[in-house]
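Here's a quick tour for anyone meeting this chain for the first time. Have a look at the picture, then read on.

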Amino acid sequence: MTRNIAPDSGPVIELGPGTGVITYKLLEKGFRQQDLTLVESGADFARLLQIRFPGARVLWMDAARLRTADLADDGSVGSVLSGLPLLTMSPKNVMSILKAAFRYMRPTGGFYQLTYCPVVPIAKPILDRLGLTATLVGRTMRNLPPAALYRLARQPPPRASAQAELDDVRTAGSVHRNRNDGLVDR
Ligand SMILES: C[S@@+](CC[C@H](N)C(=O)[O-])C[C@H]1O[C@@H](n2cnc3c(N)ncnc32)[C@H](O)[C@@H]1O
């Protein structure tokens, strides 16, 4: 879960850190506790996290309140790591968590979702509505049940793909012209 991120990719928000297994991995990778925000709804877990990671910001709250909690400046967070049971949550709460997470994150930021489900644990209409793509970045059979990790990211803006198409058309046009001029394929 932490393989794809590095301390220089920016502060991290962890959703549903539980006992802090992933949090320890972040520290091993060189993240500083003060760059970690841990959002946990279980009271006992939250207390344990406070003891284990005294320098991190531990918030005992429902991740569905991510936006109203005003955790960070928009565009300032590098990554969000989530072990949340999204499949058991209402579509409204899933939408609000993802919306808030992507507002906090830098444009290139990734939302990493751990799941025991064999497919993406977020309904396609929700991904489409928020303009997100989901990519499988890892899977392990050593976990019981087997676990998978998906990276959610913003889709490239339509203007970028329109520009790429335009560039392709221009390139094709110039090759065509060059062929007619007899300047290529000799
Ligand atoms: C499957 S555990 C993941 C634990 C940890 N990431 C790990 O890999 O060991 C899910 C965690 O999400 C927390 N959780 C569930 N619903 C939540 C919510 N709405 N907001 C915040 N935390 C939640 C649970 O209390 C639990 O700690």
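## Ground rules

This is a predicted model, where local features need pLDDT of at least 70, side-chain atom pairs count only at pLDDT 80 or more, and totals for chains, interfaces and linings use all residues. Residue numbers start from 1 along each chain as its sequence is written.

## The overall layout

The chain holds five helices and seven strands; these are DSSP runs numbered from the N terminus, with helices (H or I) of at least four residues and strands (E) of at least two. Going along the sequence, you get β-α-β-α-β-β-α-β-α-β-β-α.

Of the chain's 186 residues, 27% count as buried, meaning that 20 or more other C-beta atoms, placed from the backbone, lie within 10 Å of the residue's own. Take the contacts (C-beta atoms, placed from the backbone, within 7 Å) with a separation of 6 or more: 60% of them are between residues 24 or more positions apart.

The largest nonpolar core has 34 residues, and Ile 13, Val 80 and Ala 101 touch the most other members. Such a core is a set of buried Ala, Val, Leu, Ile, Met, Phe, Trp, Tyr and Cys residues joined through C-beta atoms within 7 Å. H3 gives the most to this core, with seven residues. Setting aside residues up to four places away in sequence, Ile 13 touches Val 80, Ala 101 and Tyr 104, among others.

## A loop residue: Leu 86

Leu 86 belongs to the loop between E4 and H3. Why does Leu 86 count as buried? Because Leu 86 has 24 C-beta neighbours inside 10 Å. Beyond its neighbours within four places in sequence, Leu 86 is in contact with Val 94, Gln 113, Pro 121 and Ile 122.

## Around the ligand

The ligand is surrounded by 18 residues, and the closest are Gly 16, Gly 18, Gly 42, Ala 63 and Gly 83. To be near, a residue needs its C-beta atom, placed from the backbone, within 6 Å of the molecule. Helix H1 (21-28) and strand E2 (36-40) each supply at least two residues of this shell.

Definitions and conventions. A residue is buried if 20 or more other C-beta atoms lie within 10 Å of its own, exposed if 12 or fewer, and partly exposed in between; C-beta atoms are placed from the backbone. Two residues are in contact if their C-beta atoms, placed from the backbone, lie within 7 Å.
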